[in-house]
Amino acid sequence: MGAGMRAAPVDGVLLLDKPSGPGSNAVLQHAKRLMGAARAGHTGTLDPLASGLLVLTFGEATRFSGELLDSDKSYRARVRLGIRTSTGDAEGEILERREHSVQRDEVAAALARFAGEIEQLPPMHSALKHRGRPLYDYARKGQVVERRPRKVRIRELELVAFAGGEFELRVLCSKGTYIRTLAEDIGEALGCGAHLAALKRTAIGPFSLDDAIGIDALGSLSQAGRLARVLPPDALLGLRPRLALSAPLAVKFRQGQAVALGATSGHVSVFGDDGGFLGSGEVDAVGVLRPKRLMAFGR
């Protein structure tokens, strides 16, 4: 590249397979450096213990990160019976050990109590904020603050393996679900306590871990190879309807103006007549399209 020339901006989505150990932000910053991106974000963190799918956004795609906030997530979780920990997972101090003789059919029966809409008490070791501070700040100082139970939905809960004092689950759940709390609550229902021994996120909304790349594998690619892994920003909008605007209407939309269409109401992905992605919008009941988030133009 010649002197004074700048690299083309990186705008898009990268599906990354996070290893167990590093925090989500550390992995994000590493990927940002590898990609040479000016801006980067993600659409939902994973604890250091957890592995699996991180959906990273670069450049203009960071504007649309919130589009996945309401998406369901899928996990594979390994639960250890008979041991309760301070954090609800394998990283915490052991608080209690209980002898047990739980069998596979007992676990399967207990799971039925957690299918559908349930209430969870958010764990103290979480990023949920209380008076502007994350709960884990209080927990690290040995403090416990009052928390309100939250409703979440467990859409699918399947026992996929059982061996002695451990079992493995496949979970499909709504946003805001704490899998370690689910593990603890199942342990209490079985009368022996439990903690989350391992966790892998396998899907977020339309994105699957099967299509993700590990951080080491990403680092071994050429820059062209890395860029080839990047999905366009509109991938974050999933399966919502695509709406193509004529050139005059596209100009108005890009300027943040409402556009009368007479189209079906709902959330849409908006494109110009040349196929270029313009942003997201919502068509109201009378067919008026209003911009929600727009791509930046003229960079």
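Buried means under 20% relative accessible area. By that cut-off, helix α4 (residues 179-189) has these buried residues: Ile-179, Arg-180, Thr-181, Leu-182, Ala-183, Ile-186 and Gly-187. The model discussed here is predicted.

**Confidence**

The protein chain has an average pLDDT of 90. A score of at least 70 is reached by 92% of the residues. Residues 1-6 are another matter: their pLDDT is below 50. In the model, this stretch has two contacts beyond near neighbours in sequence.

**Around helix α4**

What do the buried residues of α4 pack against? Their partners are β4, α2 (104-111), β7, β10, β11 and β12 (194-204). Just after the helix comes Gly-191, with a positive phi of about 80°.

**The nonpolar cores**

In soluble globular proteins, nonpolar side chains tend to be buried together. Here, the largest nonpolar core has 45 residues. Leu-16, Leu-169 and Leu-218 have the most contacts inside it. Helix α1 (residues 24-35) gives this core its largest share, five residues.

Leu-169 shows what such a position touches. Leaving aside neighbours within four places in sequence, Leu-169 is in contact with Tyr-75, Arg-76, Ala-77 and Val-79, among others. Its contacts also include Leu-111, Leu-157, Glu-158, Leu-159, Val-160 and Ile-186. Ile-186 is one of the buried residues of α4.

Another core lies apart from the largest one.

**Salt bridges**

How many salt bridges does a search of the whole structure find? The search gives 17.

| Salt bridge | N to O distance |
|---|---|
| Asp-72 and Arg-155 | 2.6 Å |
| Glu-117 and Arg-153 | 3.9 Å |
| Glu-156 and Arg-170 | 2.8 Å |

Take the bridge between Asp-72 and Arg-155. The pair links distant parts of the chain, 83 residues apart. Asp-72 sits in the loop between β3 (51-58) and β4 (73-81), while Arg-155 belongs to strand β10 (residues 150-163). Asp-72 is partly exposed, at 24% relative accessibility. Arg-155 is partly exposed too, at 42%.

Next, the salt bridge of Glu-117 and Arg-153. Glu-117 lies in strand β7 (residues 116-120) and Arg-153 in strand β10, so this pair ties together parts that are 36 residues apart in sequence. Glu-117 counts as partly exposed, with a relative accessible area of 49%. For Arg-153 the value is 33%, also partly exposed.

Then there is the bridge of Glu-156 and Arg-170. Glu-156 is in strand β10 and Arg-170 in strand β11 (residues 166-173), so the two tie together parts 14 residues apart in sequence. Glu-156 is partly exposed at 34% relative accessibility. Arg-170 is partly exposed at 27%.

Some bridges share partners. Arg-84, Glu-96, Arg-98 and Glu-188 are joined in this way into one network.

**Cysteines**

A disulfide is a covalent bond between the sulfur atoms of two cysteines. How many disulfides does the structure hold? The count is zero. Cys-173 is buried, because its relative accessibility of 1% falls under the 20% cut-off. Cys-192 is buried as well, at 1% relative accessibility.

Conventions. Residues numbered from 1 in each chain as written. Heavy atoms only, no water. Salt bridge = Lys/Arg side-chain N within 4 Å of Asp/Glu carboxyl O. Helix = DSSP H or I, 4+ residues; strand = E, 2+ residues; numbered from the N terminus. Buried < 20%, exposed > 50% of the residue type's maximum accessible area, 1.4 Å probe, protein only. pLDDT = per-residue confidence, 0-100. Contact = heavy atoms within 4.5 Å. Core = buried A, V, L, I, M, F, W, Y, C linked by side-chain atoms within 4.5 Å. Disulfide = S-S within 2.5 Å.
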